[in-house]
Amino acid sequence: MYNLSPKMKTNMKKIKILWTDDEIDLLRAHILFLEEKGYDVQTANNGTDAIDLVKSNFYDIIFLDENMPGLSGLETLSEIKAIAPNVPVVMITKSEEEDIMDEAIGSKMADYLIKPVNPKQILLTIKKNVDQKRLVTQQTTSAYQSEFAKIGMQISDRLDFNEWTEIYRKLVFWELELSSSEDLAMDEILKMQKAEANHSFARYIKKNYASWFKKDIGDRPILSTDIFKQKVFPLLDRGDKVFVLIIDNLRYDQYRIFSQVLNEYFNTQEEELYYSILPTATMYARNSIFAGLMPSEIKRIYPEYWEDDDNEGHKNIHEYELLEKQMERLKRKEKLYFEKVTGLKEGRKHTENLNRMLDHDLSVMVFNFVDMVSHARTEMDMIKELASNEKAYRSLTLSWFNHSALLDLLKALAENKVKVVLTTDHGTIRVDNPIKVIGDRETNTNLRYKLGRNLNYNPKEVFEITNPKEIFLPSRNVSSSYIFASNTDFFAYPNNFNYFAGYYRDTFQHGGISLEEMIIPVVTLTPKG
């Protein structure tokens with residue numbers, strides 16, 4: 001933990017307290033105790049004086065006697081809240097009557113103490129209501145500092161896919177913990193540790209990814225192709241009605257903040273992380289989820305349902321058909337409801353069509369909102385400002401979720417005892433390092449992976465696949481190859497390089513190799529009750 005220098009302690013702002021009690025002289029020992037602890041305490045012996053003091057001074061916390069002559073504590077509380085609505089007010093009373101407590105709580109007081117109070121009670125109340133943020137920051141910083149070295153040692157070790165999953169869980173945990181603290185230095189240290197982890201993870205993927213397709217689950221991670229077979233169909237076999245929700249482009253850290261809302265309506269039966277296939281892009285990863293097949297297998301078996309990478313706007317128009325084909329291959333007979341939501345009006349419509357979903361054994365819905373925010377952030381300055389960093393990006397997606405038709409739908413599904421499998425097709429990463437690549441006119445436009453002939457690049461900067469069949473990816477011709485960006489790199493052409501490097505720097509992209517793009521949630525939610 002960092003130690004404060006005497007000078008810093010001297011410069012720290014003193015917490016100002018107003019204590020109002022008609023017997024304030026009898027509380028002199030309490031006030032001296034607080035002053036010895038470094039607090040600035042002012043006093044009043046009636047509600048009118050207290051209100052005047054609040055009008056002319058700022059206080060961090062106010063202690064207020066409930067039973068005073070003249071203005072009562074509750075009347076004084078009401079006046080204070082009109083002047084300083086955000087200052088915590090602690091009511092102190094001799095009465096334990098429930099109606100007085102209810103009235104005080106309804107008046108938005110911060111805490112409630114019963115006389116006689118002792119100095120330690122007062123100190124605890126101050127720490128809880130005023131010092132909490134500083135104490136949380138201090139404790140969180142200390143805890144992460146002790147964990148930092150352990151995570152660093154693990155990152156430098158030879159990890160398997162399960163261990164990488166746990167590393168990513170830890171990093172997201174600390175990212176969320178530190179985002180609620182005020183220690184910017186530790187934020188920067190965590191960013192550096194995540195960058196180091198992504199460098200090591202990219203090396204791991206380059207070395208091991210191709211071998212996964214020769215192994216069974218257990219010896220390899222769950223992949224996009226396994227989601228329905230491993231996570232959905234077993235629930236149907238047990239007789240459950242199942243709703244599968246695929247939120248496009250949802251990272252694990254975003255799911256973690258959604259989960260705080262979902263916990264009110266669902267118990268999390270299973271929260272797992274699985275690996276998106278490469279490229280971590282919608283037409284590959286999501287088509288593989290629905291087909292239960294790798295992209296080259298889809299193109300070979302169902303060529304009518306596979307669109308080439310350069311066919312903009314039509315890459316995922318056959319998801320329903322691909323899921324039907326997967327169910328046919330596995331001889332599944334369940335009634336299937338399928339919808340894709342790309343706008344707010346559509347979302348409202350599906351909430352109204354709940355009864356149609358309940359008539360089906362399996363309902364599947366794709367929500368594209370998070371992906372739309374990611375793209376809008378690149379193209380619109382206002383969205384870029386609203387989602388200026390990782391914390392703000394999470395906050396924006398949480399705000400959408402809290403006010404979305406999707407949440408209304410999930411509440412209704414919980415009321416109707418429908419199990420929910422919530423997942424995504426890939427995550428996204430904020431990029432900042434442009435690297436040069438040259439391709440012909442048929443080369444695709446994605447910034448995190450390239451597919452084409454005669455690609456010109458620095459092999460040390462990419463993960464290159466010169467034989468796409470090796471990782472079950474389709475190719476247009478025998479000379480086609482794939483390259484994937486890792487870490488926070490993105491591809492830019494030499495022509496007008498500086499313009500495009502500046503335009504796409506600090507945007508969220510997907511398609512390449514990173515913990516954020518590849519290790520993503522699949523969660524089974526069971527309605528409460």
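Which ring does the charged end of Lys-436 sit over, and how far is that charged end from the ring's centre? Take me through the other rings from there, please.

Reply: Keep in mind that this is a predicted model. The ring you want belongs to Phe-497: the charged end of Lys-436 sits over that ring, 5.0 Å from its centre. There's another contact of this kind at Tyr-59, where the charged end of Lys-16 sits over the ring, 5.4 Å from the centre.

On to rings paired with rings. With a cut-off of 6.5 Å between ring centres, the count comes to 34 aromatic pairs. One of them is Tyr-168 with Tyr-252: the centres are 6.0 Å apart and the planes make an angle of 50°, so the pair counts as tilted. To be called edge-to-face, the angle would have to be over 60 degrees, and to be called stacked, under 30. Tyr-168 and Tyr-252 are both buried.

Phe-173 and Trp-174 make an edge-to-face pair, with 5.0 Å from centre to centre and 80° between the planes.

One aromatic cluster is formed by Trp-164, Phe-201, Tyr-204, Tyr-209, Trp-212, Phe-213, Tyr-275 and Phe-472.

Tyr-275 is a handy way into the strands, as β7 covers residues 266-275. Strand β7 pairs with β18 in the antiparallel sense over nine bridges, and Glu-270 stands opposite Thr-524 in β18. Strand β10 (residues 419-423) also pairs with β18 in the antiparallel sense, over four bridges, with Thr-423 opposite Val-522. As for β18 itself (residues 519-527), this strand is mostly covered, with eight of its nine residues buried.

Elsewhere, an open sheet of five strands has parallel pairing and runs in the order β2-β1-β3-β4-β5. Its edges are β2 (40-44) and β5 (111-114), each with a single partner strand, so one side of each has no neighbour in the sheet. On average, neighbouring strands here are turned by 20° against each other, direction ignored.

Technical notes
Residues numbered from 1 in each chain as written. Predicted model: local features only at pLDDT ≥ 70, side-chain atom pairs only at ≥ 80, totals over all residues. Heavy atoms only, no water. Pairing = 2+ DSSP bridges. Helix = DSSP H or I, 4+ residues; strand = E, 2+ residues; numbered from the N terminus. Axes fitted to C-alpha atoms, helices over the stretch in contact; angles between N-to-C directions. Buried < 20%, exposed > 50% of the residue type's maximum accessible area, 1.4 Å probe, protein only. Lys NZ or Arg CZ within 6 Å of the ring centre and 35° of its normal.
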